[in-house]
Amino acid sequence: MSDAIKVDIWSDVQCPWCYIGKRKFEAAVADFDGDVEVEYHSFELAPDTPVDFEGTPVDYLSQRKGIDPAQAKEMIDRVTGIAAAVGLDYDYDHIHQTNTVLAHELLHFAKSKGRQLELKERLLDAYFIRGEHVGRAEDLIEIAASIGFDRAEVAEALESHRFLPDVKADMAQAQAYGIQGVPFFVIDGKYGVSGAQETETFANVLEEVRREKVPHD
């Protein structure tokens, strides 16, 4: 019987706050005196985005979201600064805005191999820091291969779409929970933490859950 605290995280690989939230959460886990089991769940922020969106992230925010270009630039500069504060060097000049459903299918494939967390980090790094494309099968195969996955096995998983039902199930669960934005953390099945909260917030929730788990006389 495991005493680990289970944390389910709904997240998208092109969500800047998800990567920032991941770092802040990881810092809390690093200081936490206990076991934490993490599982990521699919959430598509913009399922209507084409795989090959023509334009910059500023273009995307202004064209698809109706945000003034100057305001979009300010938003990007702000999030880039916050990312830098947690050690992430976002490169918005080389980001490929895309559709992320295949990336989510790949994450479920990685989960089936017990390597979801490793791939999640690699995909976020690919998108925000390395300027790699995370929407096309051929690029995802290369990204997966770069951390040791078998190319042919990854290609089969993506071409067959056999993990698409898992992606849809995650999205349905998010809807059932009322999750409208990510990151969203469900801790021990009962505490919801929305957004890229400060490390102290995550630490406090983990401590609270541990206190509740300790049997009382």
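Which residue does tryptophan 10 stand opposite in strand 2? In this predicted model, the residue facing tryptophan 10 is histidine 41 of strand 2, and the chain passes from strand 1 through helix 1 to strand 2 in a β-α-β crossover that is right-handed.

- An open sheet is built from four strands, which follow the order 2-1-3-4 and show mixed pairing.
- The edges of the sheet are taken by strand 2 (36–42) and strand 4 (191–194), and because each has a single partner strand, one side of each is left without a neighbour in the sheet.
- From one strand to the next, the twist averages 20°.
- Strand 1, made of residues 5–11, runs parallel to strand 2 and is joined to strand 2 by seven bridges; within this pairing, serine 11 has serine 42 of strand 2 as its bridge partner.

**Helices against the sheet**

- Helix 1, covering residues 16–31, packs on the sheet and touches strand 1, strand 2 and strand 3 (184–187), with a direction that makes about 170° with that of strand 2.
- Helix 8, covering residues 164–177, lies across strand 1, strand 2 and strand 3, and runs at about 100° to strand 2.

**Tryptophan 10**

- Tryptophan 10 belongs to strand 1, and its relative accessibility of 2% lies under the 20% cut-off, so tryptophan 10 counts as buried.
- Leaving aside residues up to four places away in sequence, tryptophan 10 touches a set of residues that includes His41, Ser42 and Phe43, as well as Asp170, Gln173, Ala174 and Tyr177, and also Ile179, Val182, Pro183, Phe184 and Val186.
- Although tryptophan 10 and glycine 189 are 179 residues apart in sequence, their C-alpha atoms are 13 Å apart in space.

**Histidine 104**

- Histidine 104 is part of helix 4, and because its relative accessibility is 1%, histidine 104 counts as buried.
- Not counting residues up to four places away in sequence, the contacts of histidine 104 are Ser11, Asp12, Val13, Ser42, Phe43, Glu44 and Val167.

**Aromatic rings**

- The structure contains 13 aromatic pairs, one of which is formed by tyrosine 90 and tyrosine 92, whose ring centres are 6.1 Å apart and whose planes stand at 65°, so that the pair is edge-to-face.
- Phenylalanine 109 and phenylalanine 149 make up a tilted aromatic pair, with 5.7 Å from centre to centre and 55° between the planes.
- This pair of phenylalanines connects distant parts of the chain, 40 residues apart, since phenylalanine 109 lies in helix 4 (residues 101–112) while phenylalanine 149 lies in the loop between helix 6 (137–146) and helix 7 (151–160).
- Both phenylalanine 109 and phenylalanine 149 are buried, and the charged end of arginine 115 sits over the ring of phenylalanine 149, at 4.2 Å from the centre of that ring.

Note on methods: Residues are numbered from 1 along each chain as its sequence is written. This is a predicted model: local features need pLDDT of at least 70, side-chain atom pairs count only at pLDDT 80 or more; totals for chains, interfaces and linings use all residues. Side-chain values use heavy atoms; hydrogens and water are left out. Two strands pair if DSSP finds at least two bridges between them. Axes are lines fitted to C-alpha atoms, for helices over the stretch in contact, and angles run from 0 to 180 degrees between N-to-C directions. Contact means heavy atoms within 4.5 Å. Rings of Phe, Tyr and Trp (its six-membered ring) pair if their centres lie within 6.5 Å; planes under 30 degrees apart count as stacked, over 60 as edge-to-face and the rest as tilted. Buried means under 20% relative accessible area, exposed over 50%, partly exposed in between (1.4 Å probe, protein chains only). A charge sits over a ring if NZ of Lys or CZ of Arg is within 6 Å of the ring centre and within 35 degrees of the ring normal. A crossover is right-handed if, with the strands pointing away from the viewer, the path from the first strand over the helix to the second runs clockwise.
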